[in-house]
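Open your viewer and get the selection tool ready. We will go from the whole chain down to single pairs.

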Amino acid sequence: MKIISKFLLSIFVLICFSSSAQQKECYQIKTYNLKSNAQLNVTENFLKAAYLPALKRIGIQSIGVFKPKTFSLDSITKLIVVIPFKSPKQFFELDQKLAKDRVYLQAGADYINAKYNQAPYERIESVLLTAFSNHPFITLPKLDSPRSERVYELRSYESATEAIYNTKVDMFIGGEESKIFDRLGFNPVFYGEVVSGGKMPNLMYLTTFANQESRDAHWKAFVDSPEWKALLKMEKYKNTISHMDILFLYPTDYSDY
């Protein structure tokens, strides 16, 4: 197991960093799938009182915790946590450090020591990403609207093949799609290439808005922009997305942004 972990660490390091490239963050997106208010309460208490404080003691800052804006009554409730890591090493050493943190173990005891028939969640999904080279670090949004009104839009773009996916990434960087977001004030938190997840090849990014009206107005301005229309006409950027997922979120009161 140690050999496998070291191998994965070396691969992740090569993906996240190169000798000539600027250092950039890596991200983990953890999705807690919950089916009851009891599970929600236990998991939220764990995140708020134990997990986030422990991460910050390790030096991990700017952690986002979000809930979906809407979901049907019979659906699984979700808690989504975005964790930035300064390096792959910091990610791979996290569980070992948490296991030695007595304050964390005590504060999170109800969650950590939950019985098999009282599990605090149904499943945890995890996606690992490396930041885009032109947006290497998380940028905290500058919003002053009530948290419940904010719209944080998490998008996932899948591509049919790895080569086509690389073209879509180039559309953001070389084609400067992300610069349109910057110019129009989309408040992007991160852009990331998925290096481990269930929908590869794909990229994900998070943009933020004061409310739904602001979100809709920003996207209309994007679609109507001459830069975007010019990109759409370029033959090399056609058919780069095979599937798209959009999730509207709002930050919890204990989220860092």
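Among contacts between residues at least 6 apart in sequence, what percentage join residues at least 24 apart? In the protein chain that share is 80%, a contact being heavy atoms within 4.5 Å. This is a predicted model, where local features need pLDDT of at least 70 and side-chain atom pairs count only at pLDDT 80 or more, while totals for chains, interfaces and linings use all residues. Residues are numbered from 1 along each chain as its sequence is written, and side-chain values use heavy atoms, with hydrogens and water left out.

Colour by secondary structure: the protein chain has 10 helices and 8 strands (DSSP runs numbered from the N terminus; helices are H or I with at least four residues, strands E with at least two). Of its 257 residues, 44% are buried, meaning under 20% relative accessible area with a 1.4 Å probe, protein chains only.

Now select 162-173, helix α7. Show Tyr165, Lys168, Val169, Met171 and Phe172, the buried residues of α7. Seen down the axis, they fall within an arc of 150°, so they line one face of the helix (the arc is that of directions from the helix axis to the C-beta atoms). Their cover includes β5 (151-158) and α10 (226-233).

Next, select β3 (residues 77-85), where 8 of 9 residues are buried. Strand β1 (residues 26-34) pairs with β3 in the antiparallel sense over 9 bridges (pairing takes at least two DSSP bridges); Leu34 has Thr77 of β3 as its bridge partner. Strand β2 (residues 64-68) also runs antiparallel to β3, joined by 3 bridges, and Gly64 is partnered with Val82 of β3.

Note on methods: Buried means under 20% relative accessible area, exposed over 50%, partly exposed in between (1.4 Å probe, protein chains only). The expected span of a helix is 1.5 Å times one less than its number of residues.
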